[in-house]
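Have the model open as you read along.

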Amino acid sequence: MSLRALIVQRIRNHGPLTTAAFMDLALYHQTLGYYTRAPRRTGRAGDFYTSVDVGPQFGALLATQLDEMHRLLAATGSPTFDLVEVGAGNGQLGRDLLDAAQTTYPELYTATRLTLVETSAAARAAQPATLGRHRARLAASSAAMPDQVCGAILANELLDALPTHAVTMTSEGLREIYIDLAGDRFVERIGPLSCPELAAYLARLDVALAAGWRGEVNLAAADWVRRAARRLQRGFVVLIDYGHTAGELYSGPHDGSTLTTFRRHLVGSNGDDPYQRGGPAWLAHPGEQDITSHVDLTTLRAVAEEEGLEVLGLTDQSHFLLGLGALNETDSGTDPDGVEAVRHRLALKTLLVPGGLGSTHKVMLLGKQVGTPALRGCSFNPRTAESHA
Ligand SMILES: C[S@@+](CC[C@H](N)C(=O)[O-])C[C@H]1O[C@@H](n2cnc3c(N)ncnc32)[C@H](O)[C@@H]1O
């Protein structure tokens, strides 16, 4: 049975699904989900690019930040460094980080105990081969975060891929958007809230939503930050994702939905799904395309603080990478006009450019029991950290 047919049957038997339940099936169904079925979904042969797919430069710059974090912890009695990457896919970022650590930060390399946390069994199975010569540094490859971490928890483009609820403000108050059927076609249907946490989430933000507004409430992302904070005994959390402040996400009378989909590098294309023409693109081709939403930085920050984490920085990706020395990076090739050098410069440009990954992606740096060190990733323009508060 196809995933589409399975979802149709489930709605017929049990009624409409929340968007979170729909996303959970479309992305993570245990045999047919989009992420479940393949070891890697991004890059040229996939559906979209993450910073990791741009090249090893992203991992190399991140290694500079992790080295600083390791040195801060080592100076106060933690010689080993747990590096826990969550949403690690096939391990490509882990590989890039270890490549850079081995050549540039040997002490970090020796101290690192890498754990790759990934829901998709297909992606987990690919991790040892991706890590290659660094395999011995892999302490664990697992679907769940370790209970205790002393080091750093890292997640690049994880939270945007977590199943989210969608809500709308009506003249009768806040309502939830469900996925129902009109014949064989998935359609959105407005209904009562599926759980009280949705209203509580928005009430806490104290936002005034006009009738007609709609958007997402990502309870799973907030929960994830809570869990990460509890598992971190001492060290840092590095979150990189596209997101906005609550003020930007939850305001105005406009349609604030950020739910979107990527398929074969096209955004929001559903024209070739015979069932879904004209409807929201993310309802098309379940199990065959990504579904994603922007994260709410204000809530993630508030949850982190409630859990005893210190916000050490919140900036955009380009300032973060510039602070880590992106402009000082030279390629390993000898000819500055050679193909490798040009490729290297193009990759850095892609990671930094405003309007692209450089400004859509935000970096949140959190600490626990480490004081309030001024981290290199926040050194480029300290005012940026204030502006996102
Ligand atoms: C958008 S991809 C990003 C992959 C990689 N981090 C990168 O930047 O290229 C999101 C990944 O997170 C994984 N994922 C989703 N929920 C997860 C969870 N709760 N724990 C671990 N991995 C998860 C998905 O299976 C997928 O591989």
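## The ligand shell

The shell around the ligand is made up of eight nonpolar, five polar and four charged residues. Here Gly counts as polar, while Asp, Glu, Lys and Arg count as charged. Of the 17 residues around the ligand (a heavy atom within 4 Å), those that come nearest are Thr50, Gly87, Glu118, Thr119 and Asn156.

This is a predicted model, where local features need pLDDT of at least 70 and side-chain atom pairs 80 or more, while totals for chains, interfaces and linings use all residues. Residues are numbered from 1 along each chain as its sequence is written, and side-chain values use heavy atoms, without hydrogens and water.

## Polar contacts and burial

Gly87 uses a backbone N or O atom, 2.7 Å from a ligand nitrogen. Taken alone, the ligand exposes 600 Å², and the protein buries 91% of that (Shrake-Rupley method, 1.4 Å probe).

## Aromatic pairs

The whole structure holds six aromatic pairs (ring centres within 6.5 Å). Tyr28 and Tyr35 are stacked (planes under 30 degrees apart), because their planes meet at 15° with centres 5.7 Å apart. Tyr201 and Tyr250 pair edge-to-face (over 60 degrees), at 6.3 Å centre to centre and 80° between the planes.

Terms used:
Polar contact = N/O pair within 3.5 Å; in protein donor to acceptor, adjacent residues only side chain to side chain.
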